[in-house]
Amino acid sequence: KNLHSRQRFALEMQEPWANYLLTRRKTIETRAYNLPLVLLGRSIDVLQTPQGAAKVSSLGNEIEVLSSRSSTWSKENPSLIGWCRFISVKEYRTREDFIADEQYHLVSSDNPYGWKKGTKDQVIYGWVVGECGFSTTTQGGNDYTIMDDDKDNSPRRNTCTAATTNNDVSLRAIRRMRSLFEIIQQQPLPPTNTCNNNKDVAS
C-alpha cells in the first residue's frame with residue numbers, strides 16, 4: 001500500500017529492542033524489507049510491545065495505543081515510548097557483512113532475526129538510526145529526550161519542553177505495511193520551546 005508523507009507512522013518493536021534503539025545501544029534496525037522512501041529521514045514513533053515470539057506480531061491490524069510511556073502500559077495497551085529518524089539503509093547480501101556489523105544491530109548469528117545459512121538471494125536491510133529519543137509526559141508539558149552523538153562521540157541529553165500539557169491519550173493505530181502503523185486522530189506537538197543540553201546522560 002502507498003504511504004504518504006502527511007501521515008504519522010509508528011514502527012512496532014518488541015522489548016528489549018525498542019529500548020536498545022532509543023538508548024543508542026542499537027544503531028541499526030534490521031528488517032526483512034526496505035524502509036519506504038517516504039519515511040527516510042522522517043520522525044517515526046517507536047511502538048513498544050512486550051517481548052514475544054520472534055518475527056510474530058502480538059498486535060492486531062487496528063489497535064488503541066497510548067501516546068507516551070505510561071504506568072498503565074501492557075500488551076493490551078502498547079505505547080509510543082519514543083521516536084527516531086532513519087537516515088540511510090544498508091543492504092546485507094552476505095553473511096560476512098551481516099556479522100561484521102553485529103556491534104551495531106545486536107543480532108547474533110544464532111538469533112532468529114539473523115542470517116539464514118543456505119538461503120539463496122537473501123537480503124537483510126539495516127535501517128541506520130540518526131536522531132532518536134524517549135517521549136515522556138510531565139505536568140509542564142511533553143518532554144522529548146534526544147539521544148545523539150556530538151563531535152567527541154560523547155552521548156548528549158537534549159531535553160526540550162513543548163508548549164502544551166498532554167496527558168496520556170489513546171490513539172488509533174492501523175497497520176499499513178508489516179510492522180509500520182499509521183497513527184491517526186490526535187497528535188502531540190513537537191518540541192519547540194526550551195532546550196537544555198548537557199553531557200550527563202542518565203542511565
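This report describes the fold, the surface and selected residues of a predicted protein model.

## Basis of the model

Because the model is predicted, local features need pLDDT of at least 70 and side-chain atom pairs count only at pLDDT 80 or more, while totals for chains, interfaces and linings use all residues. Residues are numbered from 1 along each chain as its sequence is written, and side-chain values use heavy atoms, with hydrogens and water left out.

## Overall fold

The protein has three helices and 11 strands. Helices (H or I, at least four residues) and strands (E, at least two) are DSSP runs, numbered from the N terminus. Along the sequence they follow the pattern β-α-β-β-β-β-α-α-β-β-β-β-β-β.

Contact means heavy atoms within 4.5 Å. Of the contacts with a separation of 6 or more, 72% are accounted for by residues 24 or more positions apart.

## Surface and burial

The accessible surface comes to about 10900 Å² (Shrake-Rupley method, 1.4 Å probe; for residues, only the protein chains shown count as cover). Carbon and sulfur atoms hold 47% of that surface.

Of the 203 residues in the protein, 45% are buried. Buried means under 20% relative accessible area, exposed over 50%, and partly exposed in between (1.4 Å probe, protein chains only).

## Strand S1

Gln-14 belongs to strand S1 (residues 8–14). Gln-14 counts as buried because its relative accessibility is 12%. Leaving aside neighbours within four places in sequence, the residues in contact with Gln-14 include Thr-49, Pro-50, Val-56 and Tyr-113.

A salt bridge is a side-chain nitrogen of Lys or Arg within 4 Å of a carboxyl oxygen of Asp or Glu. One joins Arg-8 to Asp-45, with the closest N and O atoms 2.6 Å apart. Arg-8 lies in strand S1 and Asp-45 in strand S3 (residues 43–49), so this pair ties together parts 37 residues apart in sequence. Both Asp-45 and Arg-8 are buried.

Glu-12 forms a salt bridge with Arg-175, and their closest N and O atoms are 3.5 Å apart. Glu-12 is in strand S1 and Arg-175 in strand S9 (residues 170–177), so the pair ties together parts 163 residues apart in sequence. Glu-12 and Arg-175 are both buried.

## Other salt bridges

The count of salt bridges comes to nine. Glu-131 and Arg-85 meet through their side chains in a salt bridge of 2.5 Å, N to O. Glu-131 lies in strand S6 (residues 124–138) and Arg-85 in strand S5 (residues 79–92), so parts 46 residues apart in sequence are tied together. Glu-131 is partly exposed, at 29% relative accessible area, and Arg-85 is partly exposed, at 28%.
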